[in-house]
Amino acid sequence: MTEKSFIRADAVAEELDVSKSYAYKVIKQLNDELSAKGYITVAGRISRQYFNERVYGAERREV
């Protein structure tokens, strides 16, 4: 099974072991950061790569 590029609030809530409403707040904060950098965002979804980078400190890989 391939890993999707974007994750939703239910996956964020499970990953961080928080409520779904708090997961939406985290997604909003991360999307606001991306918007400030000029990226297009989708409400309720966050790039898995950016989520991992901000939460776990994983660096982006150049492909």
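This is a predicted model: local features need pLDDT of at least 70, side-chain atom pairs count only at pLDDT 80 or more; totals for chains, interfaces and linings use all residues.
Residues are numbered from 1 along each chain as its sequence is written, and side-chain values use heavy atoms, with hydrogens and water left out.

Let me start with the overall layout. The chain has three helices and two strands, and from the N terminus on these elements run β-α-α-β-α; helices (H or I, at least four residues) and strands (E, at least two) are DSSP runs, numbered from the N terminus. Of the 63 residues, 22% count as buried, where buried means under 20% relative accessible area, exposed over 50% and partly exposed in between, with a 1.4 Å probe and protein chains only. Among the contacts in the chain with a separation of 6 or more, 39% come from residues 24 or more positions apart, a contact being heavy atoms within 4.5 Å.

Now to helix α1, which spans residues 9-16 and in which Ala9, Val12 and Ala13 are buried. These residues cover an arc of only 100° around the axis, which puts them on the same side of α1, the arc being that of the directions from the helix axis to the C-beta atoms. What covers them includes β1 (6-8), α2 (20-36), β2 (45-47) and α3 (48-56).

How do α1 and α2 pack, in angle and in axis distance? They pack at an angle of about 105°, with their axes 8 Å apart, where axes are lines fitted to C-alpha atoms, for helices over the stretch in contact, and angles run from 0 to 180 degrees between N-to-C directions. The two helices are therefore roughly perpendicular to each other, since angles of 65 to 115 degrees count as roughly perpendicular, under 35 as roughly parallel, over 145 as roughly antiparallel and the rest as oblique. On the α1 side the contact is made by Ala9, Asp10, Val12, Ala13 and Leu16, and on the α2 side by Lys20, Ala23, Tyr24, Val26 and Ile27. These residues divide into eight nonpolar, no polar and two charged; Ala, Val, Leu, Ile, Met, Phe, Trp, Tyr, Cys and Pro count as nonpolar, Asp, Glu, Lys and Arg as charged, and the others, Gly among them, as polar. Ala23, for its part, touches Ala9, Val12, Ala13 and Val18, not counting residues up to four places away in sequence.

Lastly, the single residues. Tyr50, in helix α3, is buried with a relative accessible area of 3%. Ser47, in strand β2, is also buried, with a relative accessible area of 19%, and touches Ser5 and Phe6, not counting residues up to four places away in sequence. By contrast, Asp17, in the loop between α1 and α2, is exposed, with a relative accessible area of 72%, and has a positive phi of about 55° although it is not a glycine. Most residues other than glycine have a negative phi.
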